[in-house]
Amino acid sequence: MSDQLSDAQPQFLTVGEGEAAREIAMLVRPAQTGNGAPALVWLSGYRSDMSGTKAVELDGLAAELGLACIRLDYSGHGLSGGSFGDGTISRWLEEALAVIRHVAPERVILVGSSMGGWIALRLAQELVRQGGPKLAGMVLIAPAPDFTSELIEPNLKAKERKSLAERGYFEERSQYSPEPNIYTRALIEDGRKNRVLDGIIETGCPVHILQGMKDADVPHAHAMKLVEHLPADDVVLTFVRDGDHRLSRPGDIALLLSAVKSIIRSSTNRQMPT
């Protein structure tokens, strides 16, 4: 598998115009000819990139099954241009949508981790509204929809509110990096415009959610709340009792790949004539 993965070279797509233009890096694995299966699309979390463990394992599954796989780095992340401080959900959503439209698969399975789960849910709404590839399924890992308004804003300390008001951002220690997490006023304000937990989310496809019960970043009650907003869809919620936020251990990866394969199978069956 490593030989197949090492051949991939990033491509770059310019998204936005004028001062808002930024170069978005993507890794695109083409499908084997004529298999008709949906393309896998990886959507990373906040400050994560397309070379993380889960993203690479997903690409490895695509190589094994002959599927297309699309990975991208949001602006300010990984190999992409643009400033992280300019990042908002709307901006990163625009980039993911642009990459999917550029590659133009007929059908997609969206696989989103943490913030990538929020972007996946917004992508589902935009693909229905604007047209585009058909959504064949979604796998969401520790999804964090509306995390700015649901998980950050209610817990802001006085000094963080002061920093937001005076500097336009606040910093928070990261347990995953020596660099602090930075949350900007623009990110928080834009998050309110991209809320999905304020009504029914109609994805029109099966959804499988994987959630660790020892997740210190996104409480497992948040996953249960998301399920309440997906009443029309075929939804599976798998709790990993000792799982953390990353869900990157070998057993967690096995669960992820199994969930993706299950959705591939169901999407293939739905395509077959009755």
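How do the residues of the lining of the largest cavity divide into nonpolar, polar and charged? They divide into six nonpolar, three polar and no charged, where Ala, Val, Leu, Ile, Met, Phe, Trp, Tyr, Cys and Pro count as nonpolar, Asp, Glu, Lys and Arg as charged, and the others, Gly among them, as polar. This is a predicted model, in which local features need pLDDT of at least 70 and side-chain atom pairs count only at pLDDT 80 or more, while totals for chains, interfaces and linings use all residues. Residues are numbered from 1 along each chain as its sequence is written, and side-chain values use heavy atoms, with hydrogens and water left out.

**Cavity**

- A search of the whole structure finds one cavity of 30 Å³ or more; a cavity is a set of points, on a 1 Å grid over the protein atoms alone, where a 1.4 Å probe fits but cannot get out.
- Its volume is about 40 Å³, a volume being the space filled by probe spheres set on the grid points, which are joined across faces, edges and corners.
- The lining of the largest cavity consists of Tyr 46, Phe 84, Gly 85, Gly 87, Trp 92, Ile 182, Tyr 183, Thr 184 and Leu 187; lining residues have an atom within 4 Å of a point.
- Strand 8 (residues 181–184) gives the largest share of this lining, three residues; helices (H or I, at least four residues) and strands (E, at least two) are DSSP runs, numbered from the N terminus.

- The largest pocket has a volume of about 1,000 Å³; a pocket is an open set of points with protein on both sides within 12 Å along at least five of seven lines.
- Among the 39 residues that line the largest pocket, Tyr 46, Ser 114, Tyr 176, Asp 217 and His 245 are the closest to its centre.
- Helix 2 (53–65), helix 5, strand 7 and strand 8 are the elements that give two or more residues to the lining of the largest pocket.
- By class, that lining holds 15 nonpolar, 14 polar and 10 charged residues.
- The second largest pocket has about 200 Å³ of space, and of its 15 lining residues Asn 35, Gly 36, Ala 37, Glu 106 and Arg 107 are the closest to the centre.
- The lining of the second largest pocket has seven nonpolar, six polar and two charged residues.

- Eight strands form an open sheet with mixed pairing, in the order 1-2-4-3-5-6-9-10; two strands pair if DSSP finds at least two bridges between them.
- Strand 1 (11–15) and strand 10 (235–240) each have a single partner strand and stand at the edges, so one side of each is left without a neighbour in the sheet.
- From one strand to the next, the twist averages 20°.
- Strand 1 and strand 2 run antiparallel and are joined by five bridges, with Thr 14 opposite Glu 23 in strand 2.
- The two strands form a hairpin with six residues between them, and Gly 16 in the turn has a positive phi of about 85°.
- In strand 2 (residues 22–29), six of the eight residues are buried, that is, under 20% relative accessible area with a 1.4 Å probe and protein chains only, with exposed over 50% and partly exposed in between.
- Strand 2 is also joined to strand 4 (residues 69–72) by four bridges, and these two run antiparallel; Leu 27 has Arg 71 as its bridge partner in strand 4.
- Strand 5 (residues 107–113) and strand 6 (residues 134–141) run parallel and are joined by seven bridges, and Arg 107 stands opposite Lys 134 in strand 6.

**Helix 7**

- Leu 187, Ile 188, Asp 190 and Gly 191 are the buried residues of helix 7 (residues 185–193).
- These buried residues pack against helix 3 (89–103), helix 4 (115–130), helix 5 (147–152), helix 6 (158–167), strand 7 (169–172) and strand 8, contact meaning heavy atoms within 4.5 Å.

**Two residues**

- Leu 61 is in helix 2 and counts as buried because its relative accessibility is 3%.
- Leaving out residues up to four places away in sequence, Leu 61 touches Leu 257, Val 260 and Lys 261.
- Leu 61 and Lys 261 are 200 residues apart in sequence and 8.8 Å apart in space, C-alpha to C-alpha.
- Arg 195 lies in the loop between helix 7 and strand 9 (207–212) and, at 25% relative accessibility, counts as partly exposed.
- Asp 146, Ser 149 and Glu 150 are touched by Arg 195, not counting residues up to four places away in sequence.

Conventions. Axes fitted to C-alpha atoms, helices over the stretch in contact; angles between N-to-C directions.
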